[in-house]
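Subject: Model handover

Hello,

Here is the structure you asked for. My notes follow below it.

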Amino acid sequence: MAKQASAYPIRKVAVLGAGLMGAGIAAHLANAGIPSVLFDIVPKDAGDDPRKRTALALGGIEAARKIKPAAFFRPELASLITPANYDDHASLLAECDWIVEVVVERLDIKRKVYEWVAAHRRPGSIVTSNTSGIRLADMAEGMGDELRAHFAITHFFNPVRYMRLLEIVGGADTKPEVIDALATFGERALGKGIVHAKDTPNFVANRIGIFGMVSTFKAVQDMGLTVEQVDAIMGPAMGRPKTAFFRLADLVGLDTMAHVISNIHEYAPDDEQRDLFVVPPVVRGLIEAGAVGNKSGAGFYKRAGKKDFLVLDLQTGEYRPQDKDSARFASVGAARKAETAAAKISALVWGEDDAARFAWRTTAESLIYAANRIPEIADDIVQIDRGMRWGFAWDLGVFESWDAIGVRRSVVRMREEGMEVPDWVQAMLDAGRESFYGRDGQGRPTYWSQEGRGYPVPVSDAHVFLTDIKAQRSPVAKNDSASLHDMGDGILLLEFHSKLNALDADIAALYGSALDKLDDGEFDGLVVGNEAATAFSAGANIFMILLASMQQQWDQIEELTNGLQQLFMRAKYSRKPVITAPHGLTLGGGAECAMHSAITVGTGELYMGLVEVGVGVIPGAGGCKELVMRATGDLLPDAAVDVNPLVQKVFERIATAQVTTSGGEAQAWGFLRPGDQMVLDRDARLQSAKKLARGLADAGWQPPAQRTAPAAGENCRAAIEAFLYQMAEGGYATPHDVVVGKALARVVTGGDVPAGTRVGEQHFLDLEREAFLGLCGTEGTRARLQHMLETNKPLRN
């Protein structure tokens, strides 16, 4: 379990309300290994049947097990949640260190729940509300002093597992230690990004985000753009999710959006933009028609078949087919071609077409609005930017976006167009500072404060960022695809930065150089990791192998394959600890790289698999070997265990290119070993890996002896081949699939040695390499590779 503040350790949690959010919070607590009690009311007419009396809580757990995307890392984690009802199980509340209320957004109902909590909680336990907009002061009215001192708001975003933001709001009477405990637990145990908000309507992210929505509706009305055009502009071209604007509104729910808009209008009377916080007529009309978005099947988009959607014509109010050609703009095209988020938004807002003018207007209005909210909703720009990145999945926060388009240049245009720029922004420019974010003389990140000076950007001591390392030190070595960085304390870092971090010759060369530096005593340990948004490594870039196969250069293919095998084995058995830190997409060669380490530190969101069969080959850099060894290598020589089911499961995982849906599943499938670690806070991954490398080095790390495993043998291979025959006969496998499957079966069952013969890792590596080389020479594989070349699809395994 993650380190927590000692004054308020959180070991068990009560969740009050078993709806979508409550069950989602309980599920994510289970992902972190934290047991919880999920409470809800006793249904009417439940009688004395215990299951009927806890039916709502049981239903919430079952719904969380079935929901897509998955709420649990693994379905069996649901066992950590105890279903309960308020009437029969009130005594369980005293066992809980944190009680989080997630009931309907009605103040009267919340107050009744708090009365029940006050009667049954243990003094000193923390109580919070997951409200999205009700003021803490209103909810705390009438509470006793001790409860008020332990009461706060913890606002999770939905879906809880995937949305990183957790807004924390303290009251006038809330103990600072309570806020610290919640922030520490939220970050380190649950992997959340913490934003400290003020007790104002809808806090930080929703206050800024909803203003952006109402201002966008006004701009759409004034400029006459269509739904398709707006979504083309406000999606990835601006560094925003593919849901863009109207799809996001449908996803959130138009009724929910209308509630938040009205809440701000009612409870923020001094907001200079209050008149904008009125539900737009088009939204009101859709709600009245029952078309509230995805949950009703229609909103701004309407499903018309499995994959097709109609779109609402904003002029006629009728649904029509989408006109994607009308959504093509030169500025959007330029933005999409830009390589960084900053370059994208800059290219878009400084364009000269209608899309650029729309993007400029909505962006400029949001920038000014956010600048006017400090210190009303948060103390600094960092909290607002993190709120938008973590809560709305923007690539850049508001003030990061302002820096990207140029603060001085944009302020000049704002004034020319009659916009009122906040005084503190102009004061920053007058002071000679050109951006909200910068670095001090030592390369540490700073931000500009409304007070008129720069401050260090707050960074958790559990985090280390490559951007900061790069700003403070030059690379130890670098090529086009990878860099070596000094992390300090004698630990070296290998960063991939090829496209999708695909493994190639440059990465292999620098990895070898890093291991040389360990052997030469320059460094005491190595971390292999990066900060790419989506992928640790999406596989091996097999372009060279494709060309070699077309030219029948088999010696070159064998040299490349053997080189990767020996590189990874060298890392795994290095006399200095090598810690790999995968996250996100970790596929093919990326998975093989991650598995060869002293210890692997994975994230909760780890999508790991050996997917090489998709291009007609098998894993060739130790992936087959590693999974077989992990499944059977720990068996004692005299153990009476049938290894066939274990090896067949390994075959199934590889032959069907299965990819884990979480770090928890990676543990269950053997991609992470029992001694490996999983952190839910992805920003803590590199720091955790560094500390492990330093700790192992200080403890006198010695690599383990290479293991042996019992070969499954001919009977197991025959069973697999019979299965392949059945799949082919049923039309579920092509002839080449069978060829690949047979080659894989020979590798995982140990080749031609008798069943039970204990063989070493090199034996499996030789079989892998032989099979990989053989498949590269088949017509089926070469046809697939040729197709990839001709269709310009990603040349990765």
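Strand 13 (residues 445-448) and strand 14 run antiparallel and are joined by three bridges. W448 faces G454 of strand 14 across that pairing. Strands here are DSSP runs of E, at least two residues long; helices are DSSP runs of H or I, at least four residues long; both are numbered from the N terminus. Two strands count as paired if DSSP finds at least two bridges between them.

The open sheet holds three strands in the order 12-13-14, with antiparallel pairing. Its edges are strand 12 (437-439) and strand 14 (454-456), each pairing on one side only. The twist averages 40 degrees from one strand to the next. Axes are lines fitted to C-alpha atoms, for helices over the stretch in contact, and angles between N-to-C directions run from 0 to 180 degrees.

Before going on, some ground rules. This is a predicted model, so numbered from 1 along each chain as its sequence is written, with local features needing pLDDT of at least 70, side-chain atom pairs counted only at pLDDT 80 or more, and totals for chains, interfaces and linings using all residues. Side-chain values use heavy atoms, with hydrogens and water left out.

Confidence next. The protein chain averages a pLDDT (the predictor's confidence in each residue, from 0 to 100) of 94, and 97% of the residues score at least 70. Residues 1-5 fall below 50; beyond near neighbours in sequence, this stretch has 12 contacts in the model. A contact means heavy atoms within 4.5 Å. Where pLDDT is low, predicted coordinates should not be read in detail.

Eight strands form an open sheet in the order 3-2-1-4-5-6-7-8, and the pairing is mixed. Strand 3 (81-85) and strand 8 (193-196) are the edges, each pairing on one side only. From one strand to the next the twist averages 25 degrees.

Strand 1 (residues 13-16) has two partners to look at. With strand 4 (residues 98-101) it pairs in the parallel sense over four bridges. There V15 stands opposite V100, and L16 has E101 as its bridge partner. With strand 2, strand 1 also pairs in the parallel sense over four bridges. V13 stands opposite S36 in that pairing. The chain crosses from strand 1 through helix 1 (residues 20-31) to strand 2, and this β-α-β crossover is right-handed. Right-handed means that, with the strands pointing away from the viewer, the path from the first strand over the helix to the second runs clockwise.

Which residues of strand 1 are buried on each side? V13 and V15 are buried on one side, A14 and L16 on the other. Both faces of the strand are therefore covered. Buried means under 20% relative accessible area, exposed over 50%, partly exposed in between (1.4 Å probe, protein chains only). In a regular strand the side chains alternate between the two faces of the sheet.

Helix 7 (residues 176-189) lies across strand 4, strand 5 (126-129), strand 6 (151-156), strand 7 (165-170) and strand 8. Helix 7 runs at about 175 degrees to strand 7.

**Two hairpins**

Strand 9 (residues 301-303) and strand 10 (residues 309-312) run antiparallel, joined by three bridges. K302 has L310 as its bridge partner. Five residues separate the two strands in this hairpin, and G305 in the turn has a positive phi of about 110 degrees.

Strand 10 continues to strand 11 (residues 319-320), antiparallel again, through two bridges. V311 pairs with R320 there. This hairpin has six residues between its strands, and G317 in the turn has a positive phi of about 80 degrees.

**Cores**

The largest nonpolar core has 115 residues. A nonpolar core is a set of buried Ala, Val, Leu, Ile, Met, Phe, Trp, Tyr and Cys residues joined through side-chain atoms within 4.5 Å. I233, F300, F399 and W402 have the most contacts inside the largest core. Helix 15 (residues 354-371) gives the most to this core, with 10 residues. Apart from it lies another core, of 69 residues, among them L492, F651, L724 and V747.

W402 is worth a click. Leaving out residues up to four places away in sequence, W402 touches L367, I368, A371, V407, S410, V411, M414, V425 and F436.

**A buried lysine**

K517 lies in helix 21 (residues 505-519). Why does K517 count as buried? Its relative accessibility is 16%. Leaving out residues up to four places away in sequence, K517 touches V476, L484, L492, E522 and F523.

Best wishes
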